[in-house]
Amino acid sequence: MFGPEGGRMDGRTPRSRNLLTFLGFLCFWITAQAQMKIPPETVQQWASVFAVQLRDLTVKYSGSLLLQKKLKDVESIIKIVEVDGGDLVKDYSDEIERMLGSKMKSVKRLAESAEDADLYHEFNASLQFDYYNSMMINTMDEDGNYAPLGGEFALEENEHFNKLLVNTQQSNIQVPTNVYNRDPNILNAIYNSEALNDIFIGNFQKDPTLTWQFFGSSTGFFRIYPGIKWTPDANGVATFDCRNRNWYIQAATSPKDIIIMVDISGSMKGLKMTIAKHTINTILDTLGENDFVNVIAYTDYVRYVEPCFKGTLVQADLDNREHFKQLVEELHVKGEAKIKNAMKESFKILNEARAKGQGSMCNQAIMLITDGAMEDFESVFEEFNWPERRVRVFTYLIGREMTFAQNTKWIACNNKGYYTHISTLADVQENVMEYLHVLSRPMVINHDHDIIWTEAYMDTVLPNTKELFTTKAQSLLLMTSVAMPVFSKKKETLSHGILLGVVGSDIPLMEVMKLAPRYMLGAHGYAFLITNNGYILAHPDLRPLYKDGKTLKPKPNYNSVDLSEVEWEDTDEMLRTAMVKGQTGSISLSFRASVDKGKRPLYLVNDYFYTNIDETPFSFGMVLTKGHGRLMFTGNVSVEEGLHDLTSPDLSIASEWTYCETDIDPAHRKYSQIQAAIRYLLGKEPDLECDELLLQQTLFDAVVTAPMEAYWSALMLNDRVEPGMETAFLGTRAGLMRIMRYAGVETRVAKRFLTSSDKDNLFTIDHFPLWYRLAVENTPGRFFYYAINDKGVKYVIATTSVTVSSEGKTAMAGAIGVQMSLDLLEKRFWAVAKQNFITNILTVPSDTDCSTIEGVCPLSCESVDLNCFLVDNNGFILLSKDRNEVGRFFGEVDGSVMASLIKMGMYKKVSLFDYQAMCRNSHHHASSARPLLSPFYGIVALMRWFFSNALMFLLDFNFCGLWHSDYFVDAKAGYHTSHKQKKVDALQPCDTAYPGFMYDPSVKEANSLIKCGRCQKMFVVQQIPDSNLVLVVTQADCDCSRQYGSILLAPKEIKYIATVKCNRMKSQKVRRRPESCHSYHPKEDAKECGGAAAIFLSLSVFSASLLVSLVVH
């Protein structure tokens, strides 16, 4: 290669190189000239011709001009009114107050009956009494005999109770597996509670809108009405314990500040530490959003399990409780226990909170979890707690050793607390619950029957709940409970303050929100409820569920979503503060809303109206959108004329709205809303309670839209419907819809569109249809086009709004549109986009003389040289050569052109936020790198797990407690969960930011060259008149993906630096404390503290303890 020939070749190199360079420049110049000659005039002609064809197609098959004309004809007889938000919010809140007030009366009747039954009952230790156990009913053995505590129990499906099998004539009893169902205390309490049966039935007759009524006994059983068959978990265990439920805990105690102190010294290793962690988690589960908490671990020094929370109390909401649980799992034992400093730190936190007016400002308690107290701690109580004893101290002695039991008892008994000994995991639940009964004493002795309302929760106990996940609006799956404590009235036990249990009733939030009808609030209006802590009770943008694989699950923090996290434009929290304080008023906010699963941003101005709900901790808010959202029209027609059109087969009304109340009289529950409305209007059901204004408007809309049925039918009969034109539809503010199927279900692409499962496109209790909301935000008469990708089935929707005018005001009357296949749109577009327009003369490519035309010729979107796209106003592709690209964001497909359009101002970026997101975060393990150290680590870990579990089994096993099998279930579940977490990163609540894009219609066209390495990419963009679309034509042979990455809409997690994260976690937002507090009563008998009647500090035990401590030290 380097021989003489090589030298001779070298001699010719300069000439050859110059020639090659010249040829390269020539080719590049020719290519660049070709690239620069996508004639904008041709693209403009394509856009203009296609616009006319597209509009003609959609106007013809929708009948929008006819509907607008019919509305114009009735303008002389309609009246446009402005909705008064102040009056409306008062009316709605009054309705909600009446509804919730009736539930409170029902619960009061239950409490009175339960207390009277106990007052006249003498305890019978040998009582034999059979009751209906909900686990055992209708269960037979092999011989055909009913199981003990079972028997025949009639059950039938009931629409009112979510179509569950129930018995409305009888309640029955659920007993947790770890509670002995024949215990004398249980039998006596169940016998007493039989008196509630008649009250349950009477309440349901007085108020047929009531759902579940119940009594949770302090002994552990749960009486529920109507009676049901209780379904155990997959392991056959009934783990549900009513005493763990929020309604029970809140009703049984006043708000509380809790410091959990856990001993993590070396003596706590093994099973003791496992029991201690379970005890902490169980205590945390007894706390609610009105409580405050912190967790301290101690050895010879004090350690906060969350250093961020040092020296303070944090609200015990679901978020913080789960956070504590994760940190507690990572605790490890070491060192020697020094209780004194930890106790001082705990008292300082509580005293400081009380002095500053922070925390609950009610009960205060320290929970000491240890295997022994060996120090001289009396001086701490003398300094911080005696003689007032404002802070109660509860002690939990862990393990089988009883050496230090006397000292641990002494701490509790001398600080108005309670001592318990926990030797097995199965003991934890019952022993932790004891502290609630102690805290309830002042309230019980005083006989203060405070009614409490819980935060929103999802009832996952009852069967069929998971089915509801997919059939109801997410935010309205939730419910709240109203509950009241039940006390012993017996004089001889008055000072003991005996809590018998808690009665209550569930209220589905969907039923509450139905009292704020959607039709009055408009397309983007909505109503919502929040608690005294600012957490959302009901809101259309609350998303309590997330998808984990194919499974829908409740989010860990679903009921502690703050109003400021949904109404996030309220940056100064003016709206939140006013509502939390229970004020009445209004405020206006500019809002970046989004529709279509957050993909399409909208700029709205919202008027918020709010007020409190008396005798509850709730506040009610309502939103009306400025402009068309505040205006509605009313018209009047005769019932006869309206009924004729209301019965038309193409007409339907919103099935989730309340035109007539069918739930009051059980005989009416069989009727759908349209059946009930028609029967009421015909006079067949005069007792029905109906919304007269809504019915009047529905009848008017039925008459005005009636000609559309004839118009659509005529198109089908007299005119061959173009293949691919599948459905015409319209909707009005009254929830009325008319649908014409141009294509049969066999040939229709969009088989699910506008069916009962297509919630996004129907009027629901949560929202107006998507096509309606998009139409009303665009110019009336101009169609809005967008693509739908329904699990791979792709089609196109075109929709526009129609209006009425009167006395200088214009109101939205409804929306009308068509649904068509992609085939139809492609056929029309490709036919237009392969034509050349020269001096206004149309010629097809085969006839085109290219000799006089510079650049790409003949110009055609079907050419391999060009890529053509129809893109909507939010940047989503409506049409492309590659169908896989339809519905995708254009920036994902061609980042170079999208970046240029953003730079030119044709598309503007809108920053959006999601404070209810779920992100995939690695589960934190203190020793996550350890498996890398040794290939044998996995084997060692498995052996250690096996032996530790075998040891725990032997330590926990006792023949009397065989029913405590839930422990083994939990242990197994915990093991599998931990292994899952190592394999798959868990989804955790997080905050995310993501972009949206909006087209600026003032920029009608654009074209440019993009330099991409060795080539230049030309593109031409042209607005398609009378639509929300643009036509994008780009050169296909210049790949810019290396220079320009894709522009993605994927949300990105907002990562907070440690200090910001800490401040956010412990920040105390404005909240309204519950009005009542019961923390002290002079007649309380504090001697009942879990130990002997009088307990003194044992000098001998204490001296021995101190000596052991010194020796160890």
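Helices here are DSSP runs of H or I with at least four residues, strands are E runs of at least two, and both are numbered from the N terminus. On that count, the protein chain in this predicted model has 29 helices and 42 strands. There are 1113 residues in the chain, and buried ones make up 54% of them. If you look at contacts with a separation of 6 or more, 74% of them link residues 24 or more positions apart.

**Helix pairs**

Two packed helices are described by the angle between their axes and the distance between the axes. Here are two pairs to look at.

- Start with helix 19 (residues 639–646) and helix 20 (residues 673–681), whose axes come within 11 Å and cross at roughly 150°.
- Angles over 145 degrees count as roughly antiparallel, so that is how helix 19 and helix 20 sit relative to each other.
- The crossing of helix 19 past helix 20 is left-handed.
- On the helix 19 side, the contact is made by Val639, Leu643 and Leu646, and helix 20 brings Ile674, Ile678 and Leu681.
- Sorted by class, the residues of this helix 19 and helix 20 contact come out as six nonpolar, no polar and no charged.
- The other pair is helix 2 (residues 40–62) with helix 21 (residues 692–718), packed at an angle of about 115° with their axes 9 Å apart.
- Helix 2 makes that contact with Val59, Lys60, Tyr61 and Ser62, while helix 21 uses Met708, Tyr711, Trp712 and Leu715.
- By class, the contact of helix 2 with helix 21 has six nonpolar residues, one polar and one charged.

Strands of a sheet pair through backbone hydrogen bonds, either parallel or antiparallel.

- Strand 29 (residues 736–741) has five of its six residues buried, so the rest of the structure largely encloses it.
- One partner is strand 28 (residues 725–732), which runs antiparallel to strand 29 and is joined to it by five bridges.
- Strand 28 and strand 29 make a hairpin with three residues between them, and glycine 735 in the turn has a positive phi of about 85°.
- Strand 25 (residues 651–653) also pairs with strand 29, in the antiparallel sense and over three bridges.
- For that pairing, leucine 651 has arginine 738 of strand 29 as its bridge partner.

- Histidine 767 lies in the loop between strand 29 and helix 22 (770–776).
- Is histidine 767 buried or exposed? Its relative accessible area is 17%, so histidine 767 counts as buried.
- Leaving out residues up to four places away in sequence, histidine 767 touches Arg518, Lys759, Asp760, Leu762 and Arg773.

- Six strands line up in the order 4-6-5-16-15-14 as an open sheet with antiparallel pairing.
- Its edge strands are strand 4 (172–174) and strand 14 (452–453), each of which pairs on one side only.

**Cis peptide bonds**

- Tyrosine 225 and proline 226 are joined by a cis peptide bond, with omega about -5°.
- You'll find proline 226 in the loop between strand 6 (222–225) and helix 7 (246–252).
- Another cis peptide bond joins tryptophan 386 and proline 387, with omega about 5°.
- Proline 387 is in the loop between helix 11 (378–384) and strand 12 (391–398).

- Where is asparagine 162? Look in the loop between strand 2 (156–158) and strand 3 (164–166).
- Asparagine 162 isn't a glycine, yet its phi is positive, near 55°.
- Its relative accessibility is 41%, so asparagine 162 counts as partly exposed.
- Lysine 163 is in the loop between strand 2 and strand 3, and lysine 163 has a positive phi of about 60° although it is not a glycine.
- With 46% relative accessibility, lysine 163 counts as partly exposed.

Methods:
Residues numbered from 1 in each chain as written. Predicted model: local features only at pLDDT ≥ 70, side-chain atom pairs only at ≥ 80, totals over all residues. Heavy atoms only, no water. Axes fitted to C-alpha atoms, helices over the stretch in contact; angles between N-to-C directions. Parallel < 35°, antiparallel > 145°, perpendicular 65-115°, else oblique. Left-handed = near helix turned anticlockwise from the far one by under 90°. Contact = heavy atoms within 4.5 Å. Nonpolar A, V, L, I, M, F, W, Y, C, P; charged D, E, K, R; others polar. Buried < 20%, exposed > 50% of the residue type's maximum accessible area, 1.4 Å probe, protein only. Pairing = 2+ DSSP bridges.
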